[in-house]
Amino acid sequence: MARTEIKGFAEFDAWIDHAIRALSPAGRKKLLRDVAREVRRRNQQRITRQTDPDGNKWQPRKPDREGNIRGAKKMMLGFRKARRMLINVTPSSASVGFRGKTASIASVHHYGASDYVEKGGPRIKYPERPLLGVSSEDLRMIRRKLIDAIANGN
């Protein structure tokens, strides 16, 4: 039997929307919560590995004036905590993201914007380091979970 792969989000969204409508509201919410938790877990793992959703390594920290790299530790590990990477689920949608000050800091790093290093400090341009996203493997996981939910009649 040949496997068909989803080519893009538009096709995937249309397919998933039709399939999800077949589930009860409680079943949809349960499925979406399960999917959101798994997407959060995968994004947490990517932050730990310092990679973007496509598997590319993040750009490393810049050396300071003396040529030393400030805190040779991994970057942005605090963002992977579940209390910061929040899930919001309704019977019709699910999202994984950040809120408040965490969201503004994450946005600067995710999109590679300019921001102040510290209050009253210099303003610098941060390199783009995507924190959240959905990889092609994540899409396959979502598809498997959806098929399992429909097969089980949830």
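## Salt bridges

A salt bridge is a side-chain nitrogen of Lys or Arg within 4 Å of a carboxyl oxygen of Asp or Glu. By this criterion, the side chains of Glu38 and Arg42 form a salt bridge, at 3.1 Å from N to O. The structure described here is a predicted model, in which local features need pLDDT of at least 70 and side-chain atom pairs count only at pLDDT 80 or more, while totals for chains, interfaces and linings use all residues. Residues are numbered from 1 along each chain as its sequence is written, and side-chain values use heavy atoms, with hydrogens and water left out.

The structure holds seven salt bridges. Among them is a bridge between Glu38 and Arg41, whose closest N and O atoms are 2.3 Å apart.

Helices (H or I, at least four residues) and strands (E, at least two) are DSSP runs, numbered from the N terminus. Glu38 and Arg41 both belong to helix 2, where three residues, about one turn of the helix, separate them. Glu38 and Arg42 are four residues apart in helix 2, and are therefore separated by about one helical turn.

Relative accessible area describes the setting of these side chains: buried means under 20%, exposed over 50%, and partly exposed in between (1.4 Å probe, protein chains only). Glu38 is buried at 15%, whereas Arg41 is partly exposed at 35%. Arg42, like Glu38, is buried.

## From helix 2 to helix 4

Arg46 and Asp138 also meet through their side chains in a salt bridge, with an N to O distance of 2.8 Å. Arg46 lies in helix 2 and Asp138 in helix 4 (residues 136–152), so this pair ties together parts that are 92 residues apart in sequence. Arg46 and Asp138 are both buried. Through salt bridges with shared partners, Glu38, Arg41, Arg42, Arg46 and Asp138 are joined into one network.

## Aromatic rings

Rings of Phe, Tyr and Trp (its six-membered ring) pair if their centres lie within 6.5 Å; planes under 30 degrees apart count as stacked, over 60 as edge-to-face and the rest as tilted. One aromatic pair is found in a search of the whole structure. The ring centres of Phe79 and Phe98 are 5.5 Å apart and the planes stand at 70°, so the pair is edge-to-face. Phe79 lies in the loop between helix 2 (25–49) and strand 1 (86–90), and Phe98 in the loop between strand 2 (93–97) and helix 3 (100–111), so the pair ties together parts that are 19 residues apart in sequence. Phe79 is buried, with a relative accessible area of 10%, and Phe98 is buried at 16%.
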